[in-house]
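Please keep the view open as you read.

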Amino acid sequence: MKRYSLFAIAREAARYHQGWEKAWASPEPKKKYDVVIVGAGGHGLATAFYLGKNFGITNVAIVEKGWLGGGNTGRNTTIIRSNYLQDPSAAIYEKARSLYETMSQDLNYNVMFSPRGVMMLAQTEAEIRGYKRTAQANAYQGVATEFIGPERVKELCPIIRIDGPRYPVLGALWQERGGTARHDAVAWGYARACSDMGMDIIQQCEVTGVTREGGKVTGVETTKGHIGCNKLASVVAGNSGHMANMAGFQLPMESVALQALVSEPIKPCMDVVVMANTVHGYMSQSDKGEMVIGGGTDAFNNYTQRGSFHHIEETVRALIETFPMVSRLKMLRQWGGIVDVTGDRSPIISKTPVGNMFINGGWGTGGFKSIPGSGWAMAELVAKGEPGPLAAEFGLDRFTQGRFIDESVAAGVAH
Amino acid sequence: MLTLECPCCGVRGEETEFHGGGEAHLKRFGPGSSDAEFETYLFTRENPKGVNFERWRHANGCGKWFHAARCTMTLEVFATYSAQTYEPPADVIAAIKAKRPEWEMPA
């Protein structure tokens with residue numbers, strides 16, 4: 001793989017850009033691999049990358065039913081933060097956030113990480129107390145956050161109306177080192193690095209069955225034939241339940257559609273990410289100038305990747321009070337992704353009832369920000385067969401033991 | 001947009017008129033059950049890609065609970081039926097089979 005650099009751009013400019021090679025190969029599947037990862041989204045590719053980088057396992061295939069990064073990795077609002085209340089969550093999300101800081105250098109691929117700062121607005125007394133508690137917890141966890149007053153909110157984001165009639169802004173939880181990154185670039189960067197290590201990324205290859213022998217996984221049936229493996233990692237977000245059903249077990253999760261939308265592009269007006277959980281709306285401005293807006297989840301199981309229309313109205317209505325300028329914007333595009341939501345709104349990185357099959361899912365509405373940390377923890381689980389410190393608390397057994405990582409209270413809806 | 005017909009009052013409405021209540025026909029476990037049974041009752045869900053049985057409440061209507069059989073991939077509603085039953089009635093299963101011949105009732 002040729003390195004991307006200033007010199008490479010100059011070299012290619014001098015020869016009409018004829019020398020750029022494909023970022024990743026598209027091989028046919030081999031008969032057998034050490035590890036097969038189902039799902040070539042951010043989490044799956046990150047798992048593959050850290051398997052190779054941290055554990056030297058490179059006889060790996062990543063199979064994907066659609067196209068690379070075309071699931072939730074390509075359907076989110078690209079927010080990166082780690083201001084969680086519970087220790088296990090803060091640990092893995094902070095690991096992810098710190099890996100994002102050096103990702104462009106690590107992958108030799110510009111993922112456009114922009115630590116522009118994330119603020120979560122407190123618009124009720126209860127939220128003030130909640131966020132002050134989170135800020136205190138974060139201080140113990142070593143995550144840099146602070147609770148700021150309304151004047152500072154207005155200073156950081158002048159387009160916010162802080163004295164709205166129903167929900168005035170009373171303060172905010174501010175994480176200065178949170179931000180956004182280019183979602184496609186994260187998937188593409190990992191894919192390029194994985195392909196360079198000799199791993200096979202097989203797109204347009206849907207898994208239709210999990211073959212087992214004596215309680216252990218032996219491979220997967222796919223639309224491109226049987227692919228054998230010693231270890232199987234399911235990293236398929238919304239389809240986790242479907243994968244589990246194919247392998248003969250069930251999961252404590254349900255799949256729902258989560259929506260997002262963008263406005264027409266406008267001049268730069270907002271250089272932070274703002275989340276308003278009480279009214280349920282969050283917004284940032286992309287590099288193209290579009291206002292990127294996160295919407296709500298449907299209240300019923302859904303695999304359609306669309307989402308219900310009335311949520312768009314509810315989201316925009318909620319934003320107009322806090323951001324009056326939104327009322328004059330035209331909305332450009334809307335899309336939906338299928339997220340797998342667990343009973344305690346925290347992810348599952350775990351062994352399964354099937355031997356040598358591992359699952360990474362249940363990230364719900366907070367998957368993108370966790371990609372590198374999730375891949376790091378999952379790679380350790382797959383390589384060693386036992387979870388490391390980051391993944392230990394996220395096992396499936398926590399639901400039997402009542403040992404929940406209850407973030408539905410801590411993070412509200414905008415997880 | 002999902003549209004449902006309430007079997008209690010017969011009114012057909014869009015989803016904003018209803019409130020989803022999750023998976024239907026859960027077997028309840030309480031005191032004396034094993035940890036695994038209790039976990040299954042509280043958290044483990046069928047979450048099928050296809051035919052799903054679920055509970056709904058006609059929140060902005062007659063206020064009554066009912067059951068629905070719906071496809072999670074197309075949002076097609078096969079039938080809605082009474083909440084006073086432990087399992088889908090035969091006519092509901094027949095209505096599903098008419099449209100999804102390959103579908104089998106999960107064990």
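1. A word on the ground rules. This is a predicted model, where local features need pLDDT of at least 70 and side-chain atom pairs count only at pLDDT 80 or more, while totals for chains, interfaces and linings use all residues. Residues are numbered from 1 along each chain as its sequence is written, chains are lettered from A, and side-chain values use heavy atoms, with hydrogens and water left out.

2. Over all chains, the structure holds 22 salt bridges. The term means a side-chain nitrogen of Lys or Arg within 4 Å of a carboxyl oxygen of Asp or Glu.

3. Have a look at E12(A), which pairs with R11(A) at 3.4 Å between the closest N and O atoms and with R15(A) at 2.6 Å. E12(A) is buried, at 0% relative accessibility (buried is under 20% relative accessible area, exposed over 50%, partly exposed in between, with a 1.4 Å probe and protein chains only). R11(A) is partly exposed at 28%, and R15(A) is partly exposed at 36%.

4. Next, E290(A) and R333(A) form a salt bridge, 3.6 Å from N to O. This pair links distant parts of the chain, 43 residues apart: E290(A) sits in the loop between β14 (281-285) and β15 (291-297), and R333(A) in strand β16 (residues 331-342). Strands here are DSSP runs of E, at least two residues, numbered from the N terminus. E290(A) is buried at 6%, whereas R333(A) is partly exposed at 41%.

5. Finally, salt bridges with shared partners join E94(A), R97(A), E101(A) and R177(A) into one network.

Methods
Helix = DSSP H or I, 4+ residues; strand = E, 2+ residues; numbered from the N terminus.
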